[in-house]
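The exercises below are meant to be worked through with the sequence and the predicted model side by side. Try each task before reading its solution.

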Amino acid sequence: MLDIVTPERKVLSETVDIVVAPGELGEFGVLPGHIPFLCKLKIGELRYRVGGALHHVAIMGGYAEVLNNQVTILATAAEEASEIDIMRAKAARERAERRISESRDKLEFVRAQAALQRAMARLKVAERQ
């Protein structure tokens with residue numbers, strides 16, 4: 001069972017065959033019978049398969065818990081491929097790239113980098129649809 005939850009809503013609750021998520025220390029996969037664990041997620045693409053169909057979700061960080069054949073993703077934000085506005089994500093990528101090149105201090109640079117990572121994750125997931 002895969003549940004993806006954000007502070008605003010439950011994005012997904014579905015029985016799946018495999019989950020592959022962007023852990024902070026690297027990508028990880030979960031199959032039925034996986035040992036329990038908890039880890040921090042980074043911005044990136046979460047993939048899951050139901051039968052022969054592969055699905056993609058943009059994850060904006062958070063935590064993953066695996067316990068008793070249940071994967072719970074507590075994400076800062078998450079969007080399924082069908083929810084992503086590609087034009088808006090491209091515009092966000094361009095703004096972030098411009099902010100990175102024009103940044104004058106470290107905090108501004110770090111914020112622009114995070115915005116770029118979010119935009120790139122959305123675009124990657126949207127292109128897979």
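**Exercise 1.** Determine which residues of helix α2 are buried, and which elements they pack against.

*Solution.* Begin with the list of buried residues in α2, which holds Ala112, Ala115, Ala119, Ala121, Leu123, Val125 and Ala126.

**Exercise 2.** Check whether the length of α2 agrees with its residue count, and find what lies at its start.

*Solution.* At the start of the helix, a side-chain oxygen of Asp105 comes to within 3.2 Å of the backbone nitrogen of Leu107.

**Exercise 3.** Decide whether His56 is buried or exposed, and describe its surroundings.

*Solution.* First locate His56, which sits in strand β6 (residues 53-67). Its relative accessibility is 11%, and because buried means under 20%, His56 counts as buried. Its side chain makes a polar contact of 2.6 Å with the side chain of Glu45. Leaving aside residues up to four places away in sequence, His56 touches Glu45, Leu46, Arg47, Glu80, Ala81, Val125 and Arg128.

**Exercise 4.** Classify Tyr63 by its accessibility and name the patch to which it belongs.

*Solution.* Tyr63 is also placed in strand β6, but with a relative accessible area of 44% it is partly exposed. Together with Leu38 and Leu74, Tyr63 forms a nonpolar surface patch of about 340 Å² of accessible area.

Terms used. Residues numbered from 1 in each chain as written. Predicted model: local features only at pLDDT ≥ 70, side-chain atom pairs only at ≥ 80, totals over all residues. Heavy atoms only, no water. Helix = DSSP H or I, 4+ residues; strand = E, 2+ residues; numbered from the N terminus. Buried < 20%, exposed > 50% of the residue type's maximum accessible area, 1.4 Å probe, protein only. Polar contact = N/O pair within 3.5 Å; in protein donor to acceptor, adjacent residues only side chain to side chain. Contact = heavy atoms within 4.5 Å. Patch = residues over 30% accessible without salt bridge, like charges linked within 9 Å, V, L, I, M, F, W, Y side chains within 5 Å. Areas by Shrake-Rupley, 256 points an atom, 1.4 Å probe, with all protein chains shown as cover. Salt bridge = Lys/Arg side-chain N within 4 Å of Asp/Glu carboxyl O. Expected span 1.5 Å × (residues − 1).
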